[in-house]
Amino acid sequence: MLRLVNERDRTSSKAARAAADIAESQLPQADRDAEHMQGHWVLARLGKRVLRPGGEQLTRRMLAHAPLAGERVVEFAPGLGRTTRLILAAGPSGYVGVDRDEQVVDIIGPLAASVGGSCVRADAADTGLPDGSADVVVGEAMLTMQSERGKRAIIGEAHRILRPGGLYAVHEMGLAPDDLDDAVKDAIRRDLARAIRVNARPLTAAEWRDLLESEGFEVVWTGTEPMALLRMRRNLADEGVPGVLRIMRNVLTHPDLRARVMQMRRVFNTYGDALTGIAFVVRRRE
Ligand SMILES: C[S@@+](CC[C@H](N)C(=O)[O-])C[C@H]1O[C@@H](n2cnc3c(N)ncnc32)[C@H](O)[C@@H]1O
């Protein structure tokens with residue numbers, strides 16, 4: 001058990017070190033001023049590499065229910081590649097990343113190539129991949145930022161490229177509880193959109209489930225973790241001590257980025273437990 005835990009920690013800190021090596025100029029939206037950058041790229045510019053609401057802990061819990069060894073895996077929106085490294089370390093028989101951002105494709109392409117895979121620049125709603133060509137699709141922190149129609153198009157595309165019985169692992173932002181007042185939901189969406197410069201539309205657990213089921217999936221597993229993207233404990237777990245020191249130094253030396261982070265923090269703190277990280281593993285019905 002101890003050996004397993006140590007092995008896991010070693011893999012995690014190796015992945016953290018490698019991901020930290022990405023140069024600032026390689027990052028998406030590196031040419032934009034802080035005021036106009038999307039929130040996740042603000043965090044990336046500060047040194048964050050895990051850009052999803054439930055952190056790597058929720059990713060690992062999710063992937064434990066979606067075996068990857070020997071499977072053909074497609075990853076939607078790999079971002080800076082932290083989950084990509086976990087997927088590749090699991091020994092899939094194939095890997096294709098799909099991201100609409102060309103800098104992401106440049107970061108993920110060489111990683112994927114190291115196992116004979118690739119990364120394509122495409123909208124996840126229209127990947128160009130053949131029907132039934134994947135056993136597992138993984139997508140994190142990318143559906144929340146789509147409209148209702150956009151979410152359906154991407155989930156529908158995951159369904160199309162999966163073989164019947166294939167698994168789709170989803171990690172997104174959730175709202176809780178299921179009966180959260182509509183006025184609060186609207187306020188959260190409005191304040192989030194202002195703070196992160198992305199039209200974020202998180203859903204309750206019941207709404208995510210309904211959406212996935214209505215697109216031809218059955219839920220195999222679901223889990224949550226607190227939405228703690230900007231909390232110290234989460235950052236120590238996800239980015240390690242050197243990563244946190246780098247982020248703190250950048251926060252102190254970049255007042256424009258700091259202002260954006262403080263704005264995001266205020267929104268996350270205002271809504272507290274109403275925001276969660278939520279993950280699902282769903283199976284494509286026959
Ligand atoms: C918040 S980051 C998440 C990155 C990574 N999955 C993670 O969890 O750390 C969002 C990513 O989604 C990508 N993205 C957003 N919408 C997309 C779409 N419709 N098709 C493909 N990629 C998309 C962005 O380019 C970016 O890489």
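Me: Which residues of helix 6 are buried, and what makes a residue count as buried?

Reply: Lys151, Ile154, Ile155, Glu157, Ala158, His159 and Ile161 are the buried ones. A residue is buried with 20 or more other C-beta atoms within 10 Å of its own, exposed with 12 or fewer, and partly exposed in between, C-beta atoms being placed from the backbone. Please keep in mind that this is a predicted model, where local features need pLDDT of at least 70, side-chain atom pairs count only at pLDDT 80 or more, and totals for chains, interfaces and linings use all residues. Numbering runs from 1 along each chain as its sequence is written.

Me: What makes residues 148-161 a helix, and how does its reach compare with the expected span?

Reply: Helices are DSSP runs of H or I with at least four residues, strands are runs of E with at least two, and both are numbered from the N terminus. Helix 6 has 14 residues. The expected span is 1.5 Å times one less than the number of residues, and helix 6 reaches 20 Å from first C-alpha to last, close to the 20 Å expected.

Me: Why is Arg82 called buried?

Reply: Arg82 has 22 other C-beta atoms within 10 Å, so Arg82 is buried. Arg82 is found in helix 4 (residues 82-89), where Thr83, Thr84, Ile87 and Leu88 are buried too.

Me: Which residue with positive phi follows helix 4?

Reply: That is Gly91, with phi near 75°.
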